[in-house]
Amino acid sequence: MAAAAVVPLAYQNNTSTSPEWLNKGDNAWQMISATLVGLQSVPGLVILYGSIVKKKWAVNSAFMALYAFAAVIICWVTWAYKMSFGEKLLPFWGRAGPALGQKFLIKQAALPATVHYFSNGDLETAEATPLYPMASMVWFQCVFAAITLILLAGSLLGRMNIKAWMMFVPLWLTFSYTVGAFSLWGGGFLFHWGVIDYSGGYVIHLSSGIAGITAAYWVGPRSKNDRERFPPNNVLLMLAGAGLLWMGWAGFNGGDPYSANIDSSMAVLNTNICAATSLLVWTCLDVIFFNKPSVIGAVQGMITGLVCITPGAGLVQGWAAILMGILSGSIPWFTMMIIHKRWTLLQKIDDTLGVFHTHAVAGLLGGCLTGLFAEPVLCNLFLPVTNSRGGFYRGSGGVQFLKQIVGGGFVIGWNIVVTSIICVVISLIIPLRMSEEQLKIGDDAVHGEEAYALWGDGEVYDATRHGYSPDYEATQFGKTAIGATQVV
């Protein structure tokens, strides 16, 4: 009977399963945050991408996101995590290695390259050692890496060869994402110099937007018909995906203090303030200039607000989050609706979902505004460089603003060069763009599957009975969308 009362060690409160350094609240929040970020990708962006594109590309677009999520996980734990958060190899790169062993994963989380010293060699900030196991840290950072590739894919929907995409994902993760992550988060030169990127405005959004438009240049445009007419196949389902993206941002920004603390609460509140403000500003601009509110435009405004607040989510005050929302709802709107249509270079590059505007422009904007509005007390809660502050608070704030510009410049330059090299190398092996036949047919030619099998009142479509004319789509969807509703 005594033996029957014994329970496994995992359920016992002892040092082998609950070591002194473990904070169960922090660990629970970190795993929840990671799950929320994961849900932003699967099913969030899978649904959003599959719905916002033309019907014939629904399956392909959704699958590009799903594949990237799975591929990144395996690459991450095999070599990429330690390149991003491990021991220093170069000022911008960590030493590659697996994150799979039990001894490594159950020990206390630590970022070994984050020890920061004063210029005279004295210790300024100790190594980051969150109060949960390394397994939680590896998974949390993994879903950030995955969503970056999926955001990048938004620039390439509707024409990239799926086999080329399968090669692109591990290469770009290895040679681009890990550099940005280590440089700004893992203890690289930008981290120690004091460039602020609270939760990925540069590492994730600026890099995905710049890499996306660069890759779009090398892949080439969609077919002429698709560029002229690309109506979403399901606006309501698109809103469901957008909703998952918005709510998941609580984990995106709230998990980056690596603790369930007061800073994470500030980050979550500021995130929602900025996103709501940006959505409303974008919608108002649509009404003022196009005389009608656009649902797609509202989603774009929501995204630019979420992106803009990300580099400073836990470092700015609520009033600053509103100002950032006003600017993120107007400046990317202006670049997308006005500058894009007047700049010949941008018109030649087919950025399917306008990721350059919603992520690169908004991410750089957020990074620069963080350099203005980062509040000194909040900075001391989070940043390794003590006495950091935004330009609005004087002191060293002016220098901080310049650091933000330089940090953004590095991310932009690295991604243009490395993404171009990757695309050229892949093109020597396999075409980056689909064949003309695939571009004409869509999902059925690429995957042998279609998103919607039903036609008319529910019966399977039969051309001999239902007929078809080139004008069918026009009669169903009306005239070509203009202004805010047009996907650039």
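**Figure 1. Asp-226, a buried acidic residue in a predicted model.** At 0% relative accessibility, Asp-226 counts as buried, because the cut-off for that class is under 20% relative accessible area. The structure shown here is a predicted model. The side chain of Asp-226 meets that of Lys-54 in a salt bridge, with a distance of 3.0 Å from N to O. Lys-54 lies in the loop between helix H1 (24-52) and helix H2 (58-85), whereas Asp-226 belongs to helix H8 (residues 224-228), so the pair ties together parts that are 172 residues apart in sequence. Lys-54 also counts as buried, at 7% relative accessibility.

**Figure 2. The salt bridge between Asp-226 and Lys-56.** The side chains of Asp-226 and Lys-56 meet in a salt bridge at 3.5 Å, N to O. This pair links distant parts of the chain, with Asp-226 in helix H8 and Lys-56 in the loop between H1 and H2, 170 residues apart.

**Figure 3. The salt bridge between Glu-436 and Arg-433.** Glu-436 forms a salt bridge with Arg-433, and the closest N and O atoms of the two are 3.1 Å apart. Glu-436 is exposed, with a relative accessible area of 54%, while Arg-433 is partly exposed, with a relative accessible area of 23%. Elsewhere, salt bridges that share partners join Lys-54, Lys-56 and Asp-226 into one network. The structure holds 6 salt bridges.

**Figure 4. Helix H12 and its kink.** Helix H12 (residues 318-342) has 25 residues and reaches 35 Å from its first C-alpha to its last, which is close to the 36 Å expected at 1.5 Å a residue. A kink of about 30° in H12 is centred on Thr-335, and Thr-335 is itself one of the buried residues of this helix.

**Figure 5. The buried residues of H12 and the helices around them.** The buried residues of H12 include Ala-320, Ala-321, Met-324, Gly-325, Ser-328 and Gly-329, and also among them are Pro-332, Trp-333, Met-336, Met-337 and His-340. These buried residues pack against helix H10 (262-290), helix H11 (295-309), helix H13 (344-348) and helix H14 (355-373).

**Figure 6. The protein chain as the setting for the close-ups.** The protein chain has 20 helices and 6 strands, and of its 488 residues 55% count as buried. Among the contacts in the protein chain with a separation of 6 or more, residues 24 or more positions apart account for 77%. The accessible surface of the protein chain comes to about 20400 Å², of which 67% belongs to carbon and sulfur atoms.

Key. Residues are numbered from 1 along each chain as its sequence is written. This is a predicted model: local features need pLDDT of at least 70, side-chain atom pairs count only at pLDDT 80 or more; totals for chains, interfaces and linings use all residues. Side-chain values use heavy atoms; hydrogens and water are left out. Helices (H or I, at least four residues) and strands (E, at least two) are DSSP runs, numbered from the N terminus. Buried means under 20% relative accessible area, exposed over 50%, partly exposed in between (1.4 Å probe, protein chains only). Contact means heavy atoms within 4.5 Å. Accessible areas come from the Shrake-Rupley method with a 1.4 Å probe; for residues, only the protein chains shown count as cover. The expected span of a helix is 1.5 Å times one less than its number of residues. The bend at a residue is the angle between axes fitted to the seven residues ending there and the seven starting there. A salt bridge is a side-chain nitrogen of Lys or Arg within 4 Å of a carboxyl oxygen of Asp or Glu.
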